[in-house]
Amino acid sequence: MQTTLAQEPAVLKGTELGLVPDTGEIIPLETVRRAVARVAEESSARLVLEPGRYDFAAPADPSEANVFDFSSATNLEIDGQGALLVFRGKATAFRFTRSRDVRLSNVQVDWDVPPFAQGTITASGEDYIDVRLDPGYPYAGERIEGLMDYDPETRLPIGNFDMFRDYILSVERVEPETLRLTFDIHKHADKTEYVRQCLQHIVGNKVILRYSVYGHYGVLLTRCEDVRLEGVRIYTVPGMAVQANRCEGLTLDRVEVRPRPGTDWLMSTTADCIFLTHCTGEILIQDCHFEATGDDGLNITGAKYWHLSQMSERKNLLVAPPPGVWEGPVPEPGDVLEFAGARDLVVVAKVPVRQAVWNPKTRLFEIELTEPLPDNVRLGDFVVSRRYCGQAKIVRSTYRGIRSRAIVLSADDVVIENCYFEGMPEPAIMLKGGDRHHQEGPVCNRIFVRNNVFERVGGPVVQASAGATDPGADVVHDVVIEGNVVLADPAFRAKRVFHCYDRWAYLNSGLSLASITGMSIRNNVFDGLSGNVIFLDRVSDVDVEGNRSLSGGDIVVDEGTCSSVRVGANPGLTLSPNENGYYTSHPRRISDLR
């Protein structure tokens, strides 16, 4: 019997390819391109960088803003040996496209100056705030893309103001180091009162002024297979730390995203930390540290819901994606399409695809099914392929000071275990699904949240609801929340300006869970919460037992919408009907001002 030995990779030293550290000069982009081309000549390569600092500048052409740009690479390893790569301008540090068996390890990524300024709010009026900039954060007329307030004591995001540039009418310098920002407080009538409340309570808070939000990446992966990031450290990016689109198999091991050591930065990346979309295969995130990011810590999402536009013989379909967004991958033969009611998101049919094409002129998918749809499927219903709701394991990782949600899921088969969460103004873990703002995507199934610690979370530590007009209970399936410790900080929560929204369970519960069938909530410990500790609405087949609260509180079950909720002994917690008018509607985020 013959055996095939794995090919030994060709070892290429960066210094021999012109990548020389500690010269104090910017390495020309042409040098990087030649080095990448030399690596591409090998069918299996290991690029080794010498320790030290390397400086790079963004390409002059914004359409080519990728510095290390690899395409169709196979069996590629890049070992930074602790090298620090410092970038200038709006660029993407590493891009890998249609590559397989890639390992990026032991490299530090940073930008020469942070893509933001920070300061303290010293005054406010009817429609403005004054910001005194901190030393070392000069303002030279940059366009402010967004701003957000932070607690001056803990330096964690409060999230009262989460404002984007369209809300900012003007910026003027009123003193040498003080800027006045004037806002369009009437831009959204439903948020005007909220903005006024914020302006009355915001003086003294720290604030971040972002000069960039989205568009660039520390690592960008597109249609790759079997990628590993190991020991990678990212200090800031004018965008996201890592984005992966349509990749199969991804491991993040000991990846750190945090502000540059030795600085007083309130923020690391200006956008999401890790954003994974339309990925398949196993996703493993272990022993990572994600801190102070400008948007969600980890976002795993599949395709957005499509709408059933036309049917012929109930098996030849025209399906429309949402307007104004990428349509998503074309369904492949054998993919099972899931059909759900547009009003309640309850699944009514699952049927395999025989063939499908995308028509760019009509912006419709033309799909033939292997069998006719049942009669309960109607025009306008939601359609989605769950191929891209892949499995993930997230273990022994820290999420701290995240601007929005620590983890956002539109996925199946996810385990979140032995992680630590601290200091985010929104829910720590959000199970989303539907077509409403901030809930776009397929609903979740088989989610396990076990043995984690949550501290100083501004919203519920786990929040689930369905973004539909009248969501049913049979939407999300099989959720386990067990063995977690929730340490609330009433003083930290009190700094959030949500006084006039006390009926929103989304904002005022330890667990806010809706539209779930099959759930276990067991052996969790709560401290510092009162009132709504566990809130259940539109759920069925639920066990709540062995939970303990050291500060009292209620298990609120909406008897009008819930069924088969079995509540056992839960020391310190009282079973209560929904008498306070709390409800789980996930509103258009009141603090999201854009």
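Visitor: Which residues are buried in α1?

Guide: First, the ground rules: this is a predicted model, where local features need pLDDT of at least 70, side-chain atom pairs count only at pLDDT 80 or more, and totals for chains, interfaces and linings use all residues. Residues are numbered from 1 along each chain as its sequence is written, and side-chain values use heavy atoms, leaving out hydrogens and water. Buried means under 20% relative accessible area, exposed over 50%, partly exposed in between (1.4 Å probe, protein chains only). In α1, that makes T31, V32, A35, V36 and V39 buried. Down the helix axis they fall within an arc of 135° (from the directions of axis to C-beta atoms), so they line one face of α1. On the other side, E30, R34 and A40 are exposed.

Visitor: What covers the buried residues of α1?

Guide: Look for contact, meaning heavy atoms within 4.5 Å. The cover includes β1 (10–13), β2 (45–48), β3 (53–57), β4 (66–71) and β5 (74–88). Helices (H or I, at least four residues) and strands (E, at least two) are DSSP runs, numbered from the N terminus.

Visitor: How many strands are in the closed barrel?

Guide: Strands of a sheet pair through backbone hydrogen bonds, either parallel or antiparallel. Two strands count as paired if DSSP finds at least two bridges between them. Here 6 strands close up in the order β25-β26-β29-β28-β27-β30, with antiparallel pairing. Between β27 (residues 336–340) and β30 (residues 382–385) there are 4 bridges, and F339 stands opposite V383 in β30.
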